[in-house]
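Me: I would like to learn how to read a few features of a chain like this one. Could we take them one by one?

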Amino acid sequence: MTHYHLILLSLVALGFQSCTFRPAIDDQGVVTVRNPNKMMRNHGFSEFEKIKRTRAISQDPRHIQAVARVANRLKKVIEMPDAEWEFVIFKDNSPNAFALPGGKVGINTGLFQLIGHGPQGDALLAAVLGHEISHATANHAQQRMYRGVALGVLASILWCSLEHNDVDHPQYTVAAFATAYYLVDSLPFSRKQEYESDKIGAVYMAKAGYDPRVSIELWRRLLSYHTRRGGQKPEFLRTHPLDNARIRALEVFMPTALRYYSKHRASR
């Protein structure tokens, strides 16, 4: 591979990286909402419909009422006028939730085994939903899509260069490059989005009148849950940060989130 091609590959990589991550929250906790493009929005809607057809939906009134209470408060403080909000509870024992572009949110019943019900349960649920919704409002899925396009372009350039220089078995080199790119770029990028969503979620719940410090309690419970199940694999192999790292980052950010909580309480 010539120096020219290496330089070109590096410039393309840097170009894609510089344009695909734009922070959606600043140091003061001001959140920028970014609506998805039409393609991502339609994809989110179609995927959510597919999930609803293939997974069992819970009709437990305790869960439905809790989600409705918390979601209604959060929606009032989230400026996303094009969102078509829909919250569905799925029968699944894993304590997870997710959000898709356009305002589609899924919550697993296993989450309620972790957070319970009542005022504390609502606050913990607000931490979960605030985090997941922030993935949609920050347009994280579209950023990851662009990152995937970058990988495809770079792999194509590398393949063409190797073939041009008659390198034996170029597929091995391209596969090694893709693996390295995934480890040093894609996974750290995903973890960066998770940290960002933790912060945005804390701001959303604070604006809605939930104590954002409860978000730290949520991750402590998740840490305990993961520890009971054997712990977590090393962070560099994960799309999500380790629970302890998330707790520390939220503790640092908490004074900012608490300012929004204080403003909410003062306005009542």
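Reply: Start with pairing: two strands count as paired if DSSP finds at least two bridges between them. In this predicted model, strand 2 (residues 97–100) and strand 3 (residues 104–108) are joined by four bridges and run antiparallel.

Me: Which residue in strand 3 is the bridge partner of Phe98?
Reply: Phe98 is bridged to Gly106.

Me: What do strand 2 and strand 3 form, and how many residues lie between them?
Reply: The two strands form a hairpin, with three residues between them. In the turn, Gly102 has a positive phi of about 100 degrees.

Me: How do I read the two sides of strand 2?
Reply: In a regular strand, side chains alternate between the two faces of the sheet. Here Ala97 and Ala99 lie on one side of strand 2, with Phe98 and Leu100 on the other. Are these four buried or exposed? They are all buried, so both faces of the strand are covered.

Me: What is the order of elements along the whole chain?
Reply: From the N terminus, the order is α-α-α-β-β-β-α-α-α-α-α-α. That comes to nine helices and three strands. Of the 268 residues in the chain, 47% are buried.

Me: Which residues gather in the patch of positive charge on the surface?
Reply: The patch consists of Arg73, Lys76, Arg265 and Arg268. Arg265 is located in helix 9 (residues 243–267).

Me: Why is Arg265 called exposed?
Reply: Exposed means over 50% relative accessible area. Arg265 is called exposed because its relative accessible area is 55%.

Definitions and conventions:
Residues are numbered from 1 along each chain as its sequence is written. This is a predicted model: local features need pLDDT of at least 70, side-chain atom pairs count only at pLDDT 80 or more; totals for chains, interfaces and linings use all residues. Side-chain values use heavy atoms; hydrogens and water are left out. Patches are made of residues with over 30% relative accessible area and no salt bridge: like charges are joined within 9 Å, nonpolar side chains (Val, Leu, Ile, Met, Phe, Trp, Tyr) within 5 Å. Accessible areas come from the Shrake-Rupley method with a 1.4 Å probe; for residues, only the protein chains shown count as cover. A salt bridge is a side-chain nitrogen of Lys or Arg within 4 Å of a carboxyl oxygen of Asp or Glu. Lys and Arg count as positive and Asp and Glu as negative; His and the chain ends are not counted. The place of a charge is taken as NZ of Lys, CZ of Arg, CG of Asp or CD of Glu. Buried means under 20% relative accessible area, exposed over 50%, partly exposed in between (1.4 Å probe, protein chains only).
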